[in-house]
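Colleague: Please walk me through this one. Start wherever you like.

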Amino acid sequence: MPRPTGRVLTLLELLQSGGTRTVAELADRLGVDGRTVRRYVDHLIDLDVPVQSVRGRYGGYRLAPGYRLPPLMLSDDEALAVLLGLVAGRRAGLMTAERTASETVSAKIRRVLPKHVARRLDTLLESLAFTDQPGEFATPDAGVLLTIADAVRHRRPVSIRYTDRDGRRSERTLHAYGIVAHSGRWYVTGTDPEIGEDRTFRLDRIADARTLPGSFEAPVGPDPAQRVLSGFATAEYRHEVTLRIYGTVEQIRAHLPASVASLEEHAPTAGKDQATERWLRVELRAERLDWLPPALASLDRPFVIERPDELRDLVIALADRLASYARQT
């Protein structure tokens, strides 16, 4: 009796997708009975594919951990998803230091695809245009990224060697809560136990990371992404700016996002929601002030500058220039 090759390969693809598959699930997906599923599993084992049997109520079959399948089995949709993901990742800067890795994996996927599928995917990628320019960002080391990710997951302290923006090098311990991708860069946020404060570090500036013995409990409160954005808004820069702006949170956040500024009610009023216009206090820190007058103008909302006076002068200068341009005929 000839082997049903197509169904055996389908079984292999199901197992390759990960996790334990019950006999009943596999039988339903393949359109056969449980006994036939077991026979197909024996076929795979004969081909040296390490299929493991899992006993118990939720048992079934799975591939041995770490097994790499020589022929890559991707459907048309899966291949398209992978290749587009690689293109988007390169443009957004969300890659590791191994820049050639995305190029080599793209080549490998194309090499194993049927010719008609490869041609269709190449046609799409060649036709695809972007409205933004590719990101040019320093990328983190893959080993550092994976080490810190493991420390985050298992709540283990990690020792890092870090170089700050001024070129100063240091070695410190971090209780890392999470890894955050923001505006084309990778960040890790956590507590520095020596000073007892939250810190955020750019992963591309970490030269080495080592997991340390012990464990810690992550504090309750904002999630890692919110902590990173808050850290940006309160970072030490040359100018400290305080404003009062009349509008809704959404109107202000459209031009001054959480990574730039913090908001709070200037005069709290019971029962007010975010959709209600009211005076909000806006605080931010900036190395330069020249970008703020155009941002405030684009808000088109009443505002009061509390500090610094230099910002008030810049806004007046911008208003004078705009008025001068508007009078020209």
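**Hairpins, sheet and salt bridges**

Modeller: Serine 183 takes a positive phi near 50°. Serine 183 belongs to the hairpin of β4 and β5, with 2 residues between the strands. Strands here are DSSP E runs of at least two residues, helices H or I runs of at least four, numbered from the N terminus.

Colleague: What sort of model is it?

Modeller: Predicted: local features need pLDDT of at least 70, side-chain atom pairs 80 or more, while totals for chains, interfaces and linings use all residues. Residues count from 1 along each chain as its sequence is written, and side-chain values use heavy atoms, without hydrogens or water.

Colleague: Which residue takes a positive phi in the hairpin of β3 and β4?

Modeller: Glycine 167, near 85°. That hairpin has 5 residues between the strands.

Colleague: Now the sheet. What's the strand order?

Modeller: β6-β5-β4-β3-β7. The sheet is open, has 5 strands, and pairs antiparallel. At the edges stand β6 (197–202) and β7 (206–211). Each has a single partner strand, so one side of each is left without a neighbour in the sheet.

Colleague: How much twist?

Modeller: From one strand to the next, the average is 45°. Axes are lines fitted to C-alpha atoms, for helices over the stretch in contact, with N-to-C angles from 0 to 180 degrees.

Colleague: Which helix packs on the sheet?

Modeller: Helix α7, residues 142–154. Helix α7 touches β3, β4, β5 and β7 (heavy atoms within 4.5 Å). Its direction makes about 40° with that of β7.

Colleague: Switching to charges. How many salt bridges does the whole structure have?

Modeller: The search finds 13. The test is a Lys or Arg side-chain nitrogen within 4 Å of an Asp or Glu carboxyl oxygen.

Colleague: What does glutamate 306 pair with?

Modeller: One partner is arginine 244, with the closest N and O atoms 2.8 Å apart. Glutamate 306 lies in strand β11 (303–307) and arginine 244 in strand β8 (239–247), so the pair ties together parts 62 residues apart in sequence. Arginine 281 also forms a salt bridge with glutamate 306, at 2.6 Å between the closest N and O atoms. Arginine 281 sits in strand β10 (278–286), so this pair ties together parts 25 residues apart.

Colleague: What about aspartate 309?

Modeller: Aspartate 309 forms a salt bridge with arginine 312, with closest N and O atoms 2.7 Å apart. They are 3 residues apart in helix α11 (309–327), about one helical turn. Aspartate 309 is exposed at 52%, while arginine 312 is partly exposed at 30%.

Colleague: Which residues do shared partners join into one network?

Modeller: Arg244, Glu264, Arg281 and Glu306.

Methods: Two strands pair if DSSP finds at least two bridges between them. Buried means under 20% relative accessible area, exposed over 50%, partly exposed in between (1.4 Å probe, protein chains only).
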